[in-house]
Structures are given as structure tokens and as C-alpha cells.
Amino acid sequence: REKIAGEAGKRLRSCCEGAVWIRRASGSPEGGGRRVLGEWRRSAAAERGEGRDSKMSSMLSSALRNLPVSSAWAAGAFTRSLSCSSQFQAAAQPKTKKTLGKTGVKNVVVVEGVRIPFLQSGTSYADLMPHDLARAALQGLLTRTSVPRDVVDYIVYGTVIQEVKTSNVAREAALGAGFSDKTPAHTVTMACISSNQAMTTGVGMIAAGQCDVVVAGGVELMSDVPIRHSRKMRKTMLTLNRAKTLGQKLSLISKIRPDYFAPELPAVAEFSTSETMGHSADRLAAAFGVSRLEQDEYALRSHSLAKKAQDEGLLQDVVPFKVPGKDTVTKDNGIRPSSLEQMAKLKPAFIKPYGTVTAANSSFLTDGASAMLIMSEEKALAMGYKPKAYLRDFVYVSQDPKDQLLLGPTYATPKVLEKAGLTLDDIDVFEFHEAFAGQILANLKAMDSDWFAQNYMGRKSKVGAPPLDKFNTWGGSLSLGHPFGATGCRLVITAAHRLKKEGGQYGLVAACAAGGQGHAMIVELYPQ
């Protein structure tokens, strides 16, 4: 009792001292209040052992000094995200807020989510096919959850660049993983939010009462993309196939010219604008005044945090994959913390010679697959599972694919918050897809701009920029990799794991996609 009383006395004195500092601050000249209150916060942080700024966090603070955000966000967010080690300790006690369950609507939960290691294209997965990667992710999910295969009602997979031999990759992967041939499966595509669409399709099936157990996921294999003959050659070959006589065949062959043999290479470009996504990202960064240094700083932050999370065993969603004829792959291979000096040596990748988007501050071409077990809450509990999180409200948005191609998170975030009845301050964990560092920073500036909200979004005021101490603190697509069709599941399961680790309740997942589209979803930690 004496020990408890002593601790209570210390806390009371600390609160009283804080009140005195604040009272003194309120009576100081203009600006002094903020300065004195800041001093009190720093002294309190020092007592807790916080505020140990690394060189990286210092550089980040300097690099993003021009972001139009509040002083509290700008001053503390970056250093906390890198130097605060408490978030990597034992799981904290969740905060107590209202739950987002709705009367008459089934609760849909995530039981488990896994992914095979995300690898740079052209490495260990180079000789495989997309369904091989998807099958490995499904088998990893089965191994981790021990869910009976015949219990699964439906399987949905997302992909972007389809292998023509396995156009419904969900079905081929499911059969290869040993699921019943009576279990239906289909494939969806929505650019970089394809697995997001797979997940929400599953959510809709469960909420409508059509299914109780759905497996959703995504896959992409950039090591072997389809390369087509030219249209002239394709037309000639198809006509040749219909020719009946030798004379007709020889006549068609004689018309073939050297330019017919020029292949059509796939490009990450908009069909409607013919502009590559990297070129659009460069223009977006310029429009929002995001410098090359700021982009390199953010990319370095992503790789540094991903490396820290990997070393500390926080990337729990990764399952090992024994590649046929090769060694077992156990971790992502694209995490590469460098230095600003090395990054500065790289030349612009898209707009030359004055662009700011480079290979170092862009996500790299990636091979990988993910899988997630989604159930109704009742079914999960009846089967003895402890869910990780609820999948709550979600939205899809679309806007101008020319000048706002990558601003999906800016448009989707306020809509999903309003739909859920939440504010930005209610969110404990943010997981945004990082296509390019410039894209992320442009979105943060747009979200924190009243002018942009009023003139482009038809809103009265800005939604605000997420604080970086809650933002992608285990790395992101820039460092972990971005298999187009698989990233959405990674975002959601990472948000669920971070919520449990950090003691939060609500996570917000958001991503941009080709076509000027975007997605956002609220993830709620399952009660512990």
C-alpha cells in the first residue's frame, strides 16, 4: 500500500507541475505559451526516456519542414516514428472506444492473413507462374490456421497482369492448394487495389448471408509478364490459321514485313492518357512542391523502419516458401536502407533530366502473393478461432486519371471516416500504400490543405494529415515491395497486427490505383 501511495503521489505532483507550466504558458506573450508548453512536454518526455533523436529522424524533420501542417505534427511525428521503441515492446492495452458494429449487420472478422515473402522481380520466383505463388500463400494460410478445406465457401483473388494460361488464377491456385473442386473461386482486377476488392467482395458475401467463410488474396508475378506480337503479326497469324490452301498460306507469309516482328511490351501506363504512372507521380510531386530531397528522406524512412520491423520479428504475416529446385525463401529481399548521398547519385527515372522520381524513391517491381481468412464472427467463434480484427466500413473512389491519378487516399479517407462516424484523431494506426515517395507526400499535403478540399473535393475543410508516428511504422510498399494484386491484404493484416502491438483500436487502410481510383477501409481490433 505504501508503494502504491508513493507512486500515486509522484503522478499527482507531475500533473500539478504540468498544470503550473500550462497556466504560466497561458499568461506569456504571443508565442510564449506554445514555447513553454513545448518545454514542459519535452521535460516530461525526458523523464520517460523519450526524445532520443536519431540522425534519420533529424533529417526527416528537416526534409519535410515545408509541409503545411500543424506545428505539433511537424515537430514530433517524425522523431517519434523512428526513435520511440515502446511500440515494438509487448502488446499494449487497447484503448476503450465505441465499437463500430451495426444493428442488423453481420460482423465480419479477419481470422488470419499471410503472405509469402515479397521478392524483387527476376530473383527466386523468376521461373514460376502466378498460380504457384498464390498456391503457396493459400497453403501457408491453411498451415497456420488448420482450417478444414471443405469449410471454405468461396475463394476470391486479385491480380493485375494476368497469365493467359491461368486467367482465373483463383481457381487454379485453389485446386493446386488442395481445396475442394466444389469450392467456387473467381479472380478480380482493379489495379493496385485488386486484393482490396477481393477482400470487400468477401465481406459483401458474408454480410449478405451467402457465405460464412471466404478466403481472399492477391498475386502478381512481374518476372514473367506477357509480351505480345504486334497487332499486324497477330492478325496475319490468325488469318494464316484459317487459310486452307498452300497458295493462300504463301500469299499471307509474303506480306509479312520486318516491323511485324516488333513486340508489344507491357507498360505501367494509363490507357486513357498514355502516361506512365511514374511520369504522373513526377508531375504530382511538382504540383505539390515536393522536392527530391523530401522524397529521398521519406524513402529512406520506409526502408529503415522496414528493416527494424524485419529484424525484430514484427512482420508476422510472412510465411516461408520452398521454391521448387531452390532454397526456402523466408524474408522480403527488397529492404535496402541506403544513404542520402547514395540516393542522390541516381538520375531521374521518368522526366529527364529535371524530374525528382528515381528508382530509390519508387516502389520496385515485385513478385508475391497474399491470402486472408475472413469469416462471420459467429462462425469464427463457433470454430474456436480468436479473430484478429473486424473489417468495418470501406469506400472506393475515382477521380481524374490525368492530374489526380494517385490521389485516391486523399479522396477516400474523409469519406470512410464520415461513413464510420470517426475523425482522424480516432485512428490509432495508418497503413497507406506507398507507390512513390512523392505520391505519399503529395497526398499528405493535399489532405492537410483547406484550399484543395474546397476547390477540388467540394468539402468545407481539410481532413488533416495523419501523424507520422502512426503512419506506416513497419515500412511500406517502397521497402517491403508491391506485387500489384497482393498489397491490399498486406496493408490490412499489418494494420491488425500493429493495433494489437500498440494498443490501438482503429486502423485506417488506404491506397491509390491506376485509373485514378482509390480505396479506404476501417479496421477495428478484435476485443482482447
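**View 1. The secondary structure of the whole protein.** Welcome to a predicted model whose secondary structure comes to 18 helices and 12 strands. Of its 528 residues, 53% are buried. Among contacts with a separation of 6 or more, 81% link residues 24 or more positions apart. The protein exposes about 24000 Å², and 54% of this comes from carbon and sulfur atoms.

**View 2. Helix α5, residues 130-145, from end to end.** Here is a helix whose length you can check for yourself. With 16 residues at 1.5 Å each, α5 should span 22 Å, and its end C-alpha atoms lie 23 Å apart, which agrees.

View 3. Because 12 of its 16 residues are buried, α5 is largely enclosed by the rest of the structure.

**View 4. A nonpolar patch on the surface.** Now look at Leu246, Leu250 and Ile253, which make a nonpolar surface patch of about 310 Å². Leucine 246 belongs to helix α9, residues 246-254. With a relative accessible area of 63%, leucine 246 counts as exposed, because the cut-off is over 50%. In an α-helix there are 3.6 residues a turn, so residues three or four places apart point the same way.

Technical notes. Residues are numbered from 1 along each chain as its sequence is written. This is a predicted model: local features need pLDDT of at least 70, side-chain atom pairs count only at pLDDT 80 or more; totals for chains, interfaces and linings use all residues. Side-chain values use heavy atoms; hydrogens and water are left out. Patches are made of residues with over 30% relative accessible area and no salt bridge: like charges are joined within 9 Å, nonpolar side chains (Val, Leu, Ile, Met, Phe, Trp, Tyr) within 5 Å. Accessible areas come from the Shrake-Rupley method with a 1.4 Å probe; for residues, only the protein chains shown count as cover. A salt bridge is a side-chain nitrogen of Lys or Arg within 4 Å of a carboxyl oxygen of Asp or Glu. Helices (H or I, at least four residues) and strands (E, at least two) are DSSP runs, numbered from the N terminus. Buried means under 20% relative accessible area, exposed over 50%, partly exposed in between (1.4 Å probe, protein chains only). The expected span of a helix is 1.5 Å times one less than its number of residues. Contact means heavy atoms within 4.5 Å.
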